[in-house]
Amino acid sequence: MDTDNQTWVREFILLGLSSDWDTQVCLFVLFLVMYLATVVGNFLIVLLIRLDSRLHTPMYFFISNLSLVDVSYATTIIPQMLVHLLAEHKAIHFVSCAAQLFFSLGLGGIEFVLLAVMAYDRYVAVCDPLRYSVIMHGGLCARLATMSLVSGSVNALVQTAITFQLPMCTNKYIDHISCELLAVVRLACVDTSSNEVAIMVSSFILLMTPFCLVLLSYIQIISTILKIQSTEGRRKAFHTCASHLTVVALCYGMAIFTYTQPCSSPAVLQEKLISLFYAILTPMLNPMIYSLRNKEVKGAWKKLLGQLSGLMSKLATW
């Protein structure tokens with residue numbers, strides 16, 4: 001067989017969620033609404049943090065970074081999926097597929113590391129509050145955010161390079177909603193054990209290690225909270241961590257289930273649903289979680305809405 005035919009596939013066909021036209025139209029409307037809510041919600045959080053000086057703290061600096069990562073991740077997956085839901089020929093070019101894999105892996109890795117950084121921020125805030133402003137200074141926050149960016153990007157570059165050097169033969173049908181790592185690796189017509197080892201190693205470094213750091217941080221946090229004498233003090237301390245804990249539970253759970261066992265990966269439908277969860281549901285829910293559970297954010301919303309209402313009243317009187 002010709003080596004070029006073995007190695008190079010000019011385009012892939014994404015099979016998506018359904019081949020039924022009516023179902024695809026319904027899914028298009030649903031995902032479009034959810035994507036717009038994701039974009040608007042995350043950009044409003046970033047804008048609110050930018051405008052309200054009371055939110056210029058390390059915690060909200062990391063939340064704004066998380067919102068940007070979320071909306072970027074959703075934009076990597078959802079627009080292409082929306083186009084394919086209404087397109088007859090659901091093709092994606094080889095280079096576009098590689099780019100999609102790179103950005104989705106990179107942004108996912110950045111988010112996992114960023115959540116660990118946010119856990120450290122909460123640890124310092126609860127366990128060493130008197131030195132919080134000294135420890136979590138602007139320079140450290142910037143370095144931690146840069147570290148998450150670099151680590152996620154390097155991992156994505158390595159995984160994308162070793163995945164797309166695999167010979168695909170004539171396999172070009174990806175039974176997925178996007179160019180997802182495990183789905184692309186399955187197209188290879190050679191032994192992929194080395195790729196599976198690489199996936200396991202990167203999962204340990206960028207998934208399990210941050211997750212363990214989050215667990216260690218919260219063991220210390222909970223231990224410190226339980227030592228607080230007053231019930232009100234314990235409630236207030238726990239409340240500062242509740243939003244982050246909720247997001248951690250959403251983000252780490254299914255990723256660990258999917259990427260730490262590539263040899264016995266879940267059913268294809270499960271993989272598609274998990275990808276949808278990360279691409280659209282989690283980015284859409286995160287702004288709501290931080291808005292509904294944080295008094296500072298709710299206070300900032302009320303202040304901003306009050307200012308807008310006053311401005312509209314003045315404009316109406318003119």
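**Close-up 1. Valine 29 in helix H2.** Valine 29 is found in helix H2 of this predicted model, a helix that comprises residues 21-51. With a relative accessible area of 47%, valine 29 is classed as partly exposed, because that class lies between the buried limit of under 20% and the exposed limit of over 50%.

Close-up 2. Trp21, Val25, Val29, Val33 and Leu86 together make a nonpolar surface patch of about 440 Å². Helix H2 provides the largest share of this nonpolar patch, namely four residues, and the partly exposed valine 29 is one of the residues that make the patch.

**Close-up 3. Threonine 192 in the loop between two helices.** Threonine 192 is found in the loop that lies between helix H7 (181-185) and helix H8 (193-226). Its relative accessibility is 13%, so threonine 192 counts as buried, the limit for that class being under 20% relative accessible area. When residues up to four places away in sequence are not counted, threonine 192 touches Leu166 and Val185.

**Close-up 4. The second largest pocket and its lining.** The volume of the second largest pocket is about 200 Å³. This pocket is lined by 13 residues, of which Ala116, Val117, Met147, Pro210 and Leu213 are the closest to its centre. At least two residues of the lining are supplied by each of helix H4 (94-127), helix H6 (138-164) and H8, and the largest share, six residues, comes from H8.

Definitions and conventions
Residues numbered from 1 in each chain as written. Predicted model: local features only at pLDDT ≥ 70, side-chain atom pairs only at ≥ 80, totals over all residues. Heavy atoms only, no water. Patch = residues over 30% accessible without salt bridge, like charges linked within 9 Å, V, L, I, M, F, W, Y side chains within 5 Å. Areas by Shrake-Rupley, 256 points an atom, 1.4 Å probe, with all protein chains shown as cover. Salt bridge = Lys/Arg side-chain N within 4 Å of Asp/Glu carboxyl O. Buried < 20%, exposed > 50% of the residue type's maximum accessible area, 1.4 Å probe, protein only. Contact = heavy atoms within 4.5 Å. 1 Å grid on protein atoms, 1.4 Å probe; cavity = no way out; pocket = protein on both sides within 12 Å on 5 of 7 lines; lining within 4 Å. Points joined across faces, edges and corners; volume = space filled by probe spheres on them.
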